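Keep the viewer open as you read.

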Amino acid sequence: MNRYAFSFAGTEISALPSGALHWPAEACLVVSDLHLGRSERYARRAGALLPPYEVEETLARLDADIAATAARMVICLGDTFDDLQAAELPEPRALLLARLMAGRRWVWIEGNHDPGPVGLGGEHRAELALGPLRFRHIAAPGARAEISGHYHPKLRLAGQSRRCFLVGGARVILPAYGTYTGGLGAEDPVLCDLMGAGAVAVLTGTVARPVPMPGKGRRG
Amino acid sequence: MRALPAPFSDWFSARGWSIHPHQRALLDRAADPALLLIAPTGGGKTLAGFLPTLAELADGARKGLHTLYISPLKALAADIRRNLTVPVTEMGLPIRIEDRTGDTSYTKRRRQRADPPHILLTTPESLALLLSYEDAPRIFAGLGRVIVDEVHALAESKRGDQLMLCLSRLQSLAPGLRRVGLSATVEDPGAIARFLARHPDPCAIVHADPGPDPDIAMLTTEAAPPWAGGGGRYAIPEVLAAIRRHRITLVFHNTRAQAELFFRDLWLANEDGLPIAIHHGSLAREARERVEAAMVAGELRAVVCTGSLDLGIDWGDVDLVIQVGAPKNVKRLVQRIGRANHRYNAPSKALLVPANRWEVVECQAALEAVKDHDLDGDPRGPGPRDVLCQHILVAACSGPFEADALYREVTSAGPYAALKRADFDACLDFCATGGYALKAYDRWQRLMVRDGRWTLRDPRAARDIRMNIGTITDAEMVKVRWQNRMGGAPLGEVEESFASTLTPGETFLIGGQVVRFVGLRELALEVAPAPGREPKIAVYSGTKFSTSTQLSERILRMLQAESWPDLPAATAEWLNLQREVSRLPAPDRLLVESFPAEGRAHLCIYGFMGRAAQQTLGLLLTHRMEELGLNPLGFVSTDYATLIRGLDPVTDAAALLDREGLRAGLGSWLAGNAVMKRTFRNVALVAGLIARNLPGARKSGRQATFSSDILYDTLRRYDPDHLLMQVTREEAMRGLVNFGRIEAMLDRVGGRIDHLTLPRVTPLAAPLFLEHGRVPVEGAARERLLAETAERLMAEAGLG
């Protein structure tokens with residue numbers, strides 16, 4: 001299997017090569033920072049015109065992950081939509097999303113890009129506690145057993161840049177799942193401070209591959 | 001033969017001049033609908049072009065625009081205005097001459113539209129802009145002649161295609177319009193004539209006396225040229241000595257970066273303090289104009305330059321041209337040599353300086369080609385459709401048009417004579433809707449039919465269209481200037497992609513000075529002087545020309561000789577050694593070598609296809625090796641060979657080089673490559689799919705690249721037959737991708753592949769190890785290295 005399985009706060013969870021987190025005991029799939037509708041937002045601002053197909057692309061990957069893990073529950077860790085206007089999905093995409101949501105528990109965690117409620121069904125939470133784990137958008141300093149997103153971490157290794165999970169004793173930070181998203185280097189002091197010593201970065205790609213988290217002063 | 005009108009014969013005789021036969025011929029054939037003059041530099045070409053105009057305007061009876069002169073360079077338009085004003089004033093002719101370029105003031109341009117001069121000197125882009133105005137029919141109604149200068153240079157690019165479409169428009173506005181083309185010596189004058197003339201009008205070709213053969217040789221130097229690299233800095237003592245022996249020397253380089261490095265080292269060695277300047281396209285206009293003025297005033301002994309001095313302007317007293325680096329192209333070499341000695345019937349003097357040992361061979365081949373008058377050039381295909389799309393949009397700006405009429409007009413332009421109606425309609429549809437996959441966006445729906453005529457859906461779109469006129473799609477540039485406390489004066493510009501790699505404190509060379517990057521302010525790079533610091537980087541990835549097909553073939557033939565008495569001993573020994581340990585490449589065979597080096601397997605393919613095609617071959621072959629599990633790591637290409645390194649050796653090169661496999665690779669995998677994306681970006685800019693200048697918001701080059709890359713990926717997946725994808729694939733046959741030359745190489749070789757397995761690096765392959773510009777391959781080998789690195793790091797950290 002190409003996933004990276006690890007123990008965290010008394011649970012057994014896996015980082016998938018796609019950038020989703022899988023918690024088999026709860027049949028739960030966690031994704032973060034889908035940033036759906038980024039192309040429309042740019043187009044509305046008369047900036048770079050990106051074609052509108054990225055929503056389908058992102059949802060198609062999510063569809064595949066849900067199918068592969070047979071997830072009964074999905075948690076989106078915020079910044080699912082680029083802004084509220086983007087959340088008004090046109091018909092075919094709204095249907096695609098509705099199909100994914102049908103028959104499973106679906107939790108939207110609020111992000112900094114999509115703070116308000118959206119008319120798509122599912123539960124809306126600022127945070128969610130489930131078993132020993134606590135899910136929120138932005139990591140809270142000092143928290144424990146926490147799963148979050150927001151930073152879009154990535155890492156350069158052997159001349160290649162990949163999105164990555166950051167896995168430490170106290171928290172896991174997920175990579176961005178969306179198609180058009182930039183990122184923050186894992187060697188950034190903000191991330192180093194959050195993760196502390198001994199953390200591992202798990203590269204996405206064809207195989208979820210763990211490497212030591214680059215400390216301050218060392219670049220990957 | 002008509003008598004020369006009195007003011008002209010008096011003027012000529014007052015100077016003790018007599019009219020050249022080709023100038024006479026152009027006067028005699030002034031009524032021809034199209035004429036092409038082929039003349040060497042300094043042959044009185046421009047005057048020949050203008051004499052019929054001056055004769056027709058001499059009686060002062062004419063009002064309004066009579067002659068349009070078009071040159072590829074703004075500077076040339078201004079220069080010709082000055083040069084033409086002299087005889088006109090001296091003969092007392094009642095003729096108003098003005099130039100109009102991007103540099104002309106707004107007020108002056110407005111006045112020119114209201115009250116055009118007799119003779120207007122302009123560029124293709126300024127002409128297209130003029131034609132986009134609603135009053136174009138009034139401005140051009142009485143136009144009698146159009147003179148296209150340096151038509152050989154224009155005919156090589158989309159600028160020429162656009163110009164010919166503009167001429168077809170002009171011809172409709174002024175049906176009696178006569179065309180004259182002025183060209184340097186070219187390999188196929190007939191092709192230029194067909195390009196220029198209204199289809200199917202005839203176009204007579206007038207040949208001026210080509211003058212004596214140039215005096216050209218290779219510079220002999222104390223130090224032998226290095227094994228690899230460019231720049232020719234080893235030859236600086238001899239170059240300085242040559243400059244000292246001549247009045248004015250032009251030192252040509254193939255790239256701006258090389259010119260900068262050479263100029264810096266030349267100054268370090270210039271103990272006599274000879275006045276030497278630098279001139280290239282990335283320098284600020286002010287800097288270039290200073291150099292040009294000093295040159296005209298005779299204050300300089302040498303100018304280190306690039307193609308920016310290839311065309312046009314008469315520098316007077318240049319008596320030596322030095323070409324540093326292999327000329328790559330014989331025709332361009334001959335034209336550069338012509339810059340020396342502008343006096344008619346005096347031989348031009350030139351020296352070639354090979355930058356490395358391989359270029360010694362290439363320079364020798366080029367010398368022989370010049371002696372044999374064997375000019376090179378690849379025939380250009382029909383006019384590209386992205387240019388046509390722009391033309392359609394520009395036509396809509398000037399007013400509603402009927403599709404039938406515009407189609408007839410377009411097919412009267414030489415490059416579009418064979419354009420099918422269906423292709424024209426597809427271009428029109430693209431301009432109207434953006435094409436299938438992009439129909440959802442209003443922005444790309446720009447034309448609509450009203451009362452049977454095509455018109456702009458939103459007249460305000462005309463502003464955007466006008467701002468994007470032109471077919472020059474250079475990389476986005478960022479201005480460089482001194483920081484404010486240094487006065488803030490402009491120095492020039494660098495490519496945005498280069499600028500984005502700079503961090504404050506890093507140094508680079510511009511205008512011959514080492515500067516330190518201070519910061520980015522108002523979209524300009526601010527720099528401070530950093531004299532004496534070693535410039536860490538000096539990159540403007542200016543045009544890298546590929547060695548021409550004809551020159552490459554000549555080199556291959558040369559390699560078949562028994563011995564090379566004309567080559568320097570070091571180079572001849574090197575070739576002999578290659579013959580001993582391996583083989584020398586041959587015209588009708590393909591040499592492929594496999595050998596281990598630096599702990600990796602290497603494969604070297606001597607295709608002699610020029611840098612662009614060798615680069616494409618590298619991309620295609622490494623992809624095939626990836627599929628076959630041969631774990632390629634990367635490759636490097638030069639004009640003559642591609643060297644691939646990988647984890648596993650290749651045993652069957654012939655299978656790798658299978659034509660169908662390569663074609664399939666071009667269709668599928670290469671289609672996703674950055675080179676193809678860049679090709680698409682250029683096409684999308686020309687066709688108006690993406691904008692160069694959005695009013696009010698400057699879009700950075702990176703943003704433009706970003707969105708054009710994503711547009712490309714989208715079209716590839718959802719609309720692969722989109723018009724612009726078709727154009728991109730056509731462009732891929734030449735230019736950056738140049739798959740056409742890979743096909744030609746396979747034809748030439750016809751399956752005769754010599755694959756040699758050798759114990760170590762061969763003499764001919766050795767320089768490739770020193771080449772810059774290695775391309776890494778993203779694939780299983782990288783994944784393997786990544787996995788190894790990850791495991792090692794985990795183990796070291798005690799986490800494994």
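pLDDT is the predictor's confidence in each residue, on a scale from 0 to 100, and two residues are in contact if their C-beta atoms, placed from the backbone, lie within 7 Å. With both terms in hand, look at residues 46-50 of chain A, where pLDDT stays under 50 and the model has 14 contacts beyond four places in sequence. This is a predicted model, and where pLDDT is low, the predicted coordinates should not be read in detail.

Stay with confidence for a moment. Chain A averages a pLDDT of 83, and 80% of its residues score at least 70. Its lowest mean, 55, belongs to helix α1 (residues 38-44) of chain A, while strand β3 (residues 21-23) of chain A has the highest, at 97. Chain B averages 86, with 92% of the residues at 70 or above. For the complex, the predictor gives an ipTM of 0.73 and a pTM of 0.76.

Now to the architecture of chain A. You will find five helices and 16 strands there. Of the 220 residues in chain A, 46% are buried. Among the contacts in chain A with a separation of 6 or more, 66% are between residues 24 or more positions apart.

Chain B holds 30 helices and 26 strands. Its radius of gyration is 28 Å, close to the 28 Å that the globule rule gives for 800 residues, so chain B is as compact as a globular protein of that length. Along its principal axes, the C-alpha trace of chain B spans about 90 × 65 × 60 Å. Buried residues account for 47% of the 800 residues in chain B, and residues 24 or more positions apart supply 76% of the chain B contacts with a separation of 6 or more.

How is chain B divided into domains? The domain assignment gives domain 1 (6-207), domain 2 (215-371), domain 3 (477-529) and domain 4 (582-678 + 734-784). The C-alpha centres of domain 2 of chain B and domain 4 of chain B lie 33 Å apart. Their contact takes six residues from domain 2 of chain B and five residues from domain 4 of chain B. On the domain 2 side, those residues divide into three nonpolar, two polar and one charged.

The largest nonpolar core has 211 residues, of which L37(B), L196(B), V251(B), V303(B), V304(B) and L724(B) touch the most other members. Helix α16 (residues 385-398) of chain B contributes the largest share of this core, nine residues. Leaving aside neighbours within four places in sequence, V251(B) is in contact with V239(B), A302(B), V303(B), V304(B), C305(B), I322(B) and V324(B). A second, separate core of 54 residues includes L157(A), V172(A), L174(A) and A201(A).

Finally, visit G176(B), in the loop between α9 (158-173) and β6 (178-183) of chain B. Is G176(B) buried or exposed? The cut-off for exposed is 12 or fewer other C-beta atoms within 10 Å, and G176(B) has 11 C-beta neighbours inside 10 Å, so G176(B) counts as exposed. Its C-alpha atom is separated by 9.7 Å from that of A141(B), 35 residues away along the chain.

Terms used: Residues numbered from 1 in each chain as written. Chains lettered and ligands numbered in written order. Predicted model: local features only at pLDDT ≥ 70, side-chain atom pairs only at ≥ 80, totals over all residues. Domains from an automatic or database assignment. Nonpolar A, V, L, I, M, F, W, Y, C, P; charged D, E, K, R; others polar. Helix = DSSP H or I, 4+ residues; strand = E, 2+ residues; numbered from the N terminus. Buried ≥ 20, exposed ≤ 12 C-beta atoms within 10 Å, placed from the backbone. Rg over C-alpha atoms; globule rule 2.2 N^0.38 Å. Core = buried A, V, L, I, M, F, W, Y, C linked by C-beta atoms within 7 Å.
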